[in-house]
Amino acid sequence: VPVLGQCPGVGATGLTLGGGLGWLSGLFGASCDNLLSARLVTADARTLDVDGETDPELFWALRGAGANFGATTSFEARLHPIGPVVAGDVHYAVRDARAVMRGFRELMHGAPDGFQATLNLTPGERGVFLSFCHAGAEAEAEKILRTLRSIAPPTRQAVRRQPFATLAEKAAATNPGDAPPPAFRAIQTVYRDGVSDEIIDVIVDRLAHASPDTIMGLSHYMHGEVCRAKPDATAFPHRQPHSVHLRVAYTWNDPQTNESRLSWGDEWLRLLRPPSDERIYANYQTYETKAGSPSVFGSNHRRLLALKNEHDPTNFFRRNANIAPPKSPAPDC
């Protein structure tokens, strides 16, 4: 199998070029860590075949910031042998949200490389549910399941041993069922160093004031192999163990409620953004920080900016997590 994301509607190329996190990242690293070569068409219409030997510097940049340098028309990725996985969902009552979030934090802090989980929180009938994948010994999976059942009383469970391909085709939690698509949909995301008590309090409070169609999530908990690579091993820098990606998705149909819905989402974002050293995962970028693209690429930004100026000086490829010079601070008044 390749290292895929957790949403089957996301293309593998864009996923890989932006970093790429999924069910198997604890075992095999990010999607970009498994990129072997790529063919891209540059802004001046040249076709380049890039790998670690032909152009190691550009190949480094493609793994995490690749959309900035050309249109990638094909690529090769490393595949990994894997047997059936134990995967599924464990649901809890909304009233147990705080206990479940704390239990999730404790479980993931010591999770084996082969285990990955996403915690979803809704105010509606789906309640709070933990979706997971365990690629390892069945005895270890049973031990984890016992832990999940002890966090709070489950209201429903749908867990089974299955081929990884079955899990890879599972619809994302933010797109369940066969209901007609809504007229409006919004997503906000935040990257944090860990799941603090303060973060738990904010999410539980916002959940209490959320509309029924809202779904919050703690996704891509960082651990295992993806965190063993150094931040400058590829252009994708955000590899701190126990960091997590927070998200909220909400939908509506009445345009008269646009302002109130978006204001609620903006407040969620404001409360959960870190007070300093703000970082953003390129594939999850929904806003821009005051620092601009250095928040996306961290300590790799200066190196990437030099490559951007070399390969795409006019910024032809700009509809992406764009590499741009750091913003100048506002002048003092």
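Which residue forms a salt bridge with R98? The partner is D201, and the closest N and O atoms are 2.4 Å apart. A salt bridge here is a side-chain nitrogen of Lys or Arg within 4 Å of a carboxyl oxygen of Asp or Glu. D201 lies in helix α7 (residues 197-208) and R98 in helix α4 (residues 97-109), so the pair ties together parts that are 103 residues apart in sequence. Helices (H or I, at least four residues) and strands (E, at least two) are DSSP runs, numbered from the N terminus.

The model is predicted: local features need pLDDT of at least 70, side-chain atom pairs count only at pLDDT 80 or more, and totals for chains, interfaces and linings use all residues. Residues are numbered from 1 along each chain as its sequence is written, and side-chain values use heavy atoms, with hydrogens and water left out.

Now consider accessibility. Buried means under 20% relative accessible area, exposed over 50%, and partly exposed in between (1.4 Å probe, protein chains only). D201 is partly exposed at 37%. R98 is partly exposed too, at 32%.

D49 forms a salt bridge with R39, with 2.6 Å between the closest N and O atoms. D49 sits in strand β2 (residues 47-51) and R39 in strand β1 (residues 35-41), 10 residues apart. D49 has a relative accessibility of 44% and counts as partly exposed. R39, at 37%, is also partly exposed.

R279 pairs with D277, the closest N and O atoms being 4.0 Å apart. R279 is buried at 16%, whereas D277 is exposed at 58%.

Salt bridges also link D113, E225 and R228 in a network. The whole structure holds 16 salt bridges.
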